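Then let us walk through it together, one part at a time.

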Amino acid sequence: MTDFEDEVRRVMVEHDDEAPREVDLLRGLERRRPDRRRWYAVAVAAAVALVVSVVWAVGPGEEDQQVVTAPPSPLSCPETYVGEAPWVPSKPAGDADRLVPQEAPDSALVCAYAGTNTAKVQSGWALSGQWSLTGGLDALAEELTWQPRKLPDQEILCTLVGGRQTNYLIGLTYDGQTIWVTATDEPNGCVGTSNGDFESSSTVGRDVTAAFKSRVWPEPRSLSCDSGSGRLGQETEMVPAGSTRLLICDWDPHEIRTGYASLVDALNELPTKQSTRGCSSSPAESAQTYKLVFGYPVGPPVALYIAEGCFPEVDNLSLQSERADSIRPIIDQLLAAN
Amino acid sequence: MDLDDALTELVEQSGDRLLRVGYQLTHDASAAQDLVQEALMRVYVSARRRGRQPDDLYAYLRRAVVNEYVRTRRLRRSTEVVTNALPERASTGDPAGVVVDRAALWAVLGTLSRRQRAVLVLRYYEDLTHGEIAALLDCREATVRSLAKRGLDQLRVSAAERVAEEPR
């Protein structure tokens, strides 16, 4: 054991007292029932609201070094977030085939409404902070315009961890036109993103929190095995067209840039149904799982989960397919060839 | 024994220790609790179906917690994310370098891939050998060694960078 390894060990032990306690665990388990159908995919009731890293309103001056590249927004924030999230003060004109247009807005105003997801009243929250973004509007457009559409009547299984919740309204202006987008940052990531017409089950709340804190929308992240909250088109086929990179995330990530068209074809030929983002298995301790991350030149990647023995075995968070039998040999071939 | 009693016994036997492992993995108290709850329920239902408890209950539960952490991100994506913020720096007392290095190390541990983190937690917090970790994770021992080495390398570099970037 080297000195550095000893130091790692000491650092871990130093944080022991930050872990939750047995009593919290018992309280949470009291609300569980093991005989529910699909028992492990249903909500986990955590009775105690614990600290969740949500950034609340940030005071002036905290990020004064930011270079201003975007003009201040002419909009003003509503004093209250009137409805339950997702709510927007007005819908966009016409039918929306995307959450926002495929171009950077002229300005972006972020309005924050802080509360908790355990509050009895989930509407009428007061404005707790607002900023005009000073940069990153291209990145904002790239991320928001590619959000996948929530399928009609899609039911998504969620955890029920209590904690702070911040509902955001993002007021975007485009040559005189205004689009309001709502996003929520809460512990379960279960409140979708919407412009009042186009609703996405994907959540961007954490990025809005980052933008609210720095006043700049964060740059797209590089492709990694942790990538993938959703991409437009994944609600109609497992892997939307145009992918240029693939990460096969097993125990080691394998990057593949060419020669994986047969995998895309096989995935897109699978029979699909709406995803619940859950699967059922006998509680085998270690079913083989893969995560496939398909990257694109522009916009977010698509993450596809394959959990052998946990049915449905294939899931891209919008669509699921029951069996991955036809997929595994192709993945093995790709891994062997790369 | 009814459900409540059985679950209570499981928690009393291993709850705090499992929660600490869960916290080391997630760096988030809510996520750790969520993770351990889920693993306990899985193991309990499994034991009930099979009609017997595993021999080494703690090892079995730990395996369930780690596998739950590695395999089921899709259900609790939001609760697994850890903060990138450094803990507050100590201003006086311990030698400043040591304090800052440890704060940086902890912060960087939270940014490792979940596979790297699982391996390092099992190796340095749970004191398992590479072979034991490989058996627990159902992977090759060489993979464990590789993940551990890459994780440590990343810790060294990233922690040093963080310390260098921090205003003194």
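Among the contacts in chain B between residues at least 6 apart in sequence, 69% join residues at least 24 apart. Keep in mind that this is a predicted model. Which elements is chain B built from? It has 8 helices and 0 strands, so that its pattern along the sequence reads α-α-α-α-α-α-α-α. Of its 168 residues, 61% count as buried. The accessible surface of chain B comes to about 7,000 Å², and carbon and sulfur atoms hold 47% of that.

Now look inside. In soluble globular proteins, nonpolar side chains tend to be buried together. Here the largest nonpolar core has 55 residues, and those with the most contacts inside it include Met12(A), Leu25(B) and Leu109(B). At least two residues of this core come from each of several helices, among them α1 (3–14) of chain A and α8 (141–165) of chain B. The helix that gives the most is α3(B), with 9 residues. Apart from this core lies another one, of 28 residues, including Leu99(A) and Trp146(A).

Beyond its neighbours within four places in sequence, Met12(A) is in contact with residues of chain B, including Trp106(B), Leu120(B) and Tyr125(B).

Finally, find Ala126(A), which sits in strand β4 (residues 125–126) of chain A. Is Ala126(A) buried, exposed or partly exposed? Ala126(A) counts as partly exposed because its relative accessibility is 47%, between the limits of 20% and 50%. Setting aside residues up to four places away in sequence, Ala126(A) touches Glu79(A), Thr80(A), Ala112(A), Tyr113(A) and Ala114(A). Ala114(A) is 12 residues away from Ala126(A) in sequence, and their C-alpha atoms are 7.5 Å apart.

Note on methods. Residues numbered from 1 in each chain as written. Chains lettered and ligands numbered in written order. Predicted model: local features only at pLDDT ≥ 70, side-chain atom pairs only at ≥ 80, totals over all residues. Heavy atoms only, no water. Helix = DSSP H or I, 4+ residues; strand = E, 2+ residues; numbered from the N terminus. Buried < 20%, exposed > 50% of the residue type's maximum accessible area, 1.4 Å probe, protein only. Contact = heavy atoms within 4.5 Å. Areas by Shrake-Rupley, 256 points an atom, 1.4 Å probe, with all protein chains shown as cover. Core = buried A, V, L, I, M, F, W, Y, C linked by side-chain atoms within 4.5 Å.
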